[in-house]
Amino acid sequence: MPAPTPKVVHGAPGRWALGPRATPRVFEPPTNLTPATARALSPLPYSEVCNVHLEGSDIPLTVWYRVTAFAGQFGIGFQGSPDLGSSYNPTVAIFKGHPESLTSHLITAGVGALQIPVTPGETYFFQVAHVGPGIAVGGVFLTISTRLHVNLTVPNTGLLIGNDAAGFPLTGLDGTGAGALQTRPFPAGETACMLPSGMSLWEDGSDLEHLYLYDATLTLLASPAWSRDSDAPAISSNGADTFYVADSRSLGAQIRTVSDAGVMGPTTWTVPEHNVYALSISPDETIAYYRTAALGDGPLQRYNLTTSTPMSDLAAAIPGARAAGELLTLGDGTTLVGYRVTGTDYVTHYAADGSTLQTIAMPGADMQINRLTLALNAASFWVWLWGTGPNSGIDTFVQIRVSDGVTLETVTSPQYASGVFTGPITSLDVPFGHPLSCPFVPPPPPGLPPYGPPTLEPPHIPPETETDQRYIRRLRRAPHVNHEHARVFFRTFELDLERGQGLARGQGSDPIVMLRLSRDGGQTWGEEMRLHAGALGAYTQRVIARRLGQARDTVFEVTVSDPIAWSLVGAWLDLEGGTS
Amino acid sequence: MGAYPGFIGATDRVSARTVNAERTINWYPEIATGTPKSKTWLAPTPGCRAHVILGAGPIRAMYSEEGRCWAVGGSSFFELFEDGTFTYIGEVGLDNYSATISSNGSDGNQLFITSNGDGFIFDLVTNTLTPITAPDFPTPVAMGAFVDGYFLALTANTDRFQISALENGLLWDPLDVALVSQTTGIIRALVPVHREVWLLGTAMTTVWADIGDPDFPFAPIPGAYIEQGIGSRFGWTQVDNSLFWLGNNEDGGRVAYRAQGYTPQRISTHAVEQAWDAVSTLTDTIAWSYQERGHAFACWYIPAAETSWCYDVATQAWHERALWNPALLAWEPHLARCHTWVWERHLVGDRQSPAVYHLDAGTFTDGRIVELVP
């Protein structure tokens with residue numbers, strides 16, 4: 001098989017980089033064709049281009065890569081990209097474990113840019129295979145780009161975005177456009193709410209029996225028992241110290257309180273409807289606002305928490321509009337509601353009596369309201385807008401001042417669904433981003449520090465876990481031996497060195513010197529000869545080679561690589577000068 | 001049989017192989033004293049034994065004092081401990097250059113860290129890392145140093161350096177700036193040598209000293225003007241009481257020098273220079289040094305070269321240090337790119353991974369423990 005055409009890759013530092021980019025390199029034909037021969041992605045960030053074309057086949061080669069996460073590393077981005085215009089479709093499956101017993105890890109068929117959480121000490125394998133019809137052209141190139149997620153403080157002006165896909169982490173997003181600052185393991189769920197103190201209550205989609213209460217450092221404090229049916233509960237608060245949770249029930253949805261100590265309240269309110277998809281509470285805790293239509297096309301309803309009786313609707317359904325995301329009731333009793341429409345979505349600010357105070361249009365038509373959350377100071381709120389059409393894959397987060405509807409901040413971020421970037425690939429290095437659709441809340445008042453304890457786990461490097469570590473190879477290439485360019489006949493070469501230094505067992509118990517000669521002045525070299533340097537205690541061992549032939553311009557070279565203290569003292573030659 | 005003349009020797013291979021093909025890789029010549037069987041012999045270079053793997057790499061700077069040790073790995077700043085543990089302290093940013101760490105010792109209790117063009121102060125008492133946010137701190141900063149109570153910061157790609165307030169690296173006065181007007185071109189490196197400040201430019205070098213002027217303490221030393229600059233920002237190192245660097249000036253470059261007073265003494269041989277001449281670039285060269293068993297080694301890690309090059313001050317001979325890649329049947333440069341001596345150990349930082357190694361004569365492996373078997 002002819003060697004594939006080498007291709008040179010020039011890397012460039014990226015904003016998300018944790019190490020220098022790969023230096024330009026030329027790759028040999030790929031040898032990383034199995035998990036056992038997977039190429040190490042090291043150091044990160046790492047990039048390379050390889051030719052995966054197999055001569056005589058129209059199916060590109062399947063290649064493997066691997067990376068081991070170190071202490072302090074919690075997220076890795078991996079992108080396999082075809083050459084532009086190619087019908088090559090590199091599809092990535094991720095595994096972890098031992099090469100002979102791999103288990104699937106989160107992504108089984110990801111195309112384009114991927115981001116996954118990693119656990120320090122674990123090794124992850126990336127299988128890149130072509131999925132699709134054959135490619136009847138030669139020279140199929142795969143560009144690999146891999147980098148580490150940063151682990152930085154999320155300021156309290158940022159956003160925390162959970163993930164509804166199990167195994168994927170919570171993302172800390174900067175509120176001023178600096179991108180994804182942090183990723184940390186966190187339960188997957190759909191709903192959450194944070195109190196001004198930073199205490200937060202989260203739903204865990206894998207646990208239908210509990211809610212999860214966290215403190216301002218996202219340390220789990222309590223998991224109050226909570227039984228619900230399959231829909232995620234709506235979670236809100238009184239804006240001070242009490243959470244309100246609404247659950248769907250066949251006999252009517254129930255609303256209960258959860259204190260900031262994780263204690264369920266004594267009262268259960270049952271609203272007439274079966275489902276509650278969004279909930280908010282008046283600041284005096286007398287009224288619950290909610291909507292019950294799954295598609296958001298119903299009215300905004302009210303329930304009197306004092307008398308436990310339904311009230312008249314806050315606002316009627318709007319023809320052609322669907323309420324979307326959370327309901328946000330503010331300290332003055334007014335309520336913010338997002339609406340999806342054909343065209344430009346908007347947020348309506350309702351007075352307590354249901355009259356409209358203002359309508360705030362979103363920035364563009366190709367943005368669809370997904371979720372709403374109050375900013376930490378409650379004087380502004382964030383709207384999460386899904387990118388659609390030309391904005392596909394890039395979501396927009398807009399911070400809006402409540403008092404006048406003025407936009408304070410607009411940031412964008414790549415959207416990842418279950419770890420796979422959802423937009424078209426236009427870059428070989430798509431930045432890290434946020435999950436598709438999940439609870440999003442402001443960080444706690446002091447911000448959120450980098451994930452992981454300040455003192456990282458001391459690395460444990462037992463010898464058996466070391467790989468790629470090789471015994472030092474040492475080389476001495478000696479001066480030319482010639483005599484007026486006449487032939488010189490070599491009867492004997494003997495090396496003088498510290499003998500008898502072999503180890504008791506294993507490699508080095510029979511230390512070997514490799515001797516080779518060049519008979520043309522160092523231009524080309526003959527076969528290596530193996531000379532025994534003496535086992536342990538063999539202090540009189542002679543390291544000698546005989547009948548070495550003749551040449552006009554000879555160079556001797558010795559190489560050793562056994563793990564002993566090689567000390568070379570000199571060499572002797574028994575030679576005879578020729579006449580021609 | 002007769003002795004093989006010159007069998008023990010240095011790397012002296014020249015581009016014309018028929019002239020001399022000599023190479024010495026991972027051995028160094030030593031001259032025996034007394035009445036030895038052989039006047040010279042080849043001693044093995046030390047191996048790399050893992051001391052710690054930090055959370056980020058490559059290791060871009062290391063520093064130690066009074067039994068404490070710190071390193072910049074990737075974009076992170078760490079404190080290392082003798083038992084192989086470490087503490088993550090904070091983020092200092094990352095670029096393709098080395099970071100620098102200098103200290104004002106017990107008078108100021110501060111470390112001055114430069115990385116990615118920014119400056120940081122680590123308080124040795126409270127163990128807190130603080131970005132230097134003083135509006136007049138020079139950014140992007142290329143490197144930092146400490147001389148006579150002041151931290152010095154060289155502004156990248158300029159001929160300007162600035163000093164901090166006395167013993168306080170968080171305060172920087174906009175008037176405490178010096179322009180190195182004796183030279184044309186930019187200053188690539190600022191190196192404190194014997195309490196003097198060597199300012200190595202692209203083609204020339206000037207030396208300044210603390211003259212005690214209360215307005216600005218540093219001034220050029222009359223006559224200390226050297227017609228030799230430096231070829232890469234971090235292509236210098238200090239060992240054996242001298243400065244060693246990769247030279248560069250209007251006449252050419254790719255020559256190694258040692259400072260003899262204010263006179264650059266060429267130490268590279270034609271063989272070394274021919275090898276360096278074959279490398280695509282030396283502008284990213286990083287020098288480091290250490291002393292082992294009486295041999296002061298000045299080493300140059302050249303990313304694009306086949307091997308790392310080491311000059312032994314004791315014998316004035318060159319040898320190469322390298323890893324053998326059996327897959328490619330090729331040598332690669334030695335892993336070390338920076339060094340510190342602490343806990344009576346030589347610690348070196350890996351040029352490509354988060355590993356810090358102990359250079360150990362009793363170890364016969366070459367490091368590369370960046371990958372763990374699952």
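**Notebook: where chain A meets chain B**

I began with the contact between the chains: 72 residues of chain A touch 70 residues of chain B. I keep in mind that this is a predicted model.

Next I looked up the area. Chain A and chain B bury about 6,000 Å² between them, and 62% of that lies on carbon and sulfur atoms.

Then I turned to the charged pairs. I found two salt bridges between chain A and chain B. One of them I looked up by name: Arg476(A) pairs with Glu22(B), with the closest N and O atoms 2.3 Å apart. For polar contacts between chain A and chain B, my count is 23 residue pairs, both residues at pLDDT 80 or more.

Which elements of chain A give two or more residues to the side that touches chain B? I noted strands E3 (63–68), E5 (90–98), E8 (123–130), E36 (474–481), E37 (488–497), E41 (554–560) and E42 (568–577) of chain A. The largest share comes from E36(A), with eight residues.

E42(A) and strand E1 (residues 2–3) of chain B run antiparallel, joined by two bridges. In E1(B), Ala3(B) is the bridge partner of Trp572(A).

**Chain B by itself**

I counted two helices and 34 strands in chain B. Chain B has 374 residues, and 62% of them count as buried. I also checked how far apart in sequence its contacts reach: among those between residues at least 6 apart, 48% join residues at least 24 apart.

A reminder to myself: most residues other than glycine have a negative phi, and most peptide bonds are trans. Here are the exceptions I looked up.

Thr139(B) and Pro140(B) are joined by a cis peptide bond, with omega at about -5 degrees. I placed Pro140(B) in the loop between strand E13 (128–131) and strand E14 (141–147) of chain B.

His485(A) is not a glycine, yet its phi is positive, near 60 degrees. I found His485(A) in the loop between E36 and E37 of chain A. Is His485(A) buried or exposed? It counts as exposed, because its relative accessibility is 52% and the cut-off is over 50%.

Arg254(B) also has a positive phi, near 65 degrees. I placed Arg254(B) in strand E25 (residues 252–260) of chain B. At 22% relative accessibility, I log Arg254(B) as partly exposed.

Conventions:
Residues are numbered from 1 along each chain as its sequence is written. Chains are lettered from A and ligands numbered from 1 in the order in which they are written. This is a predicted model: local features need pLDDT of at least 70, side-chain atom pairs count only at pLDDT 80 or more; totals for chains, interfaces and linings use all residues. Side-chain values use heavy atoms; hydrogens and water are left out. Contact means heavy atoms within 4.5 Å. Buried area is the accessible area (1.4 Å probe) that two parts lose on being put together, summed over both. A salt bridge is a side-chain nitrogen of Lys or Arg within 4 Å of a carboxyl oxygen of Asp or Glu. A polar contact is a pair of N or O atoms within 3.5 Å; within protein, one must be able to donate a hydrogen and the other to accept it, and residues adjacent in sequence count only if both atoms are side-chain atoms. Helices (H or I, at least four residues) and strands (E, at least two) are DSSP runs, numbered from the N terminus. Two strands pair if DSSP finds at least two bridges between them. Buried means under 20% relative accessible area, exposed over 50%, partly exposed in between (1.4 Å probe, protein chains only).
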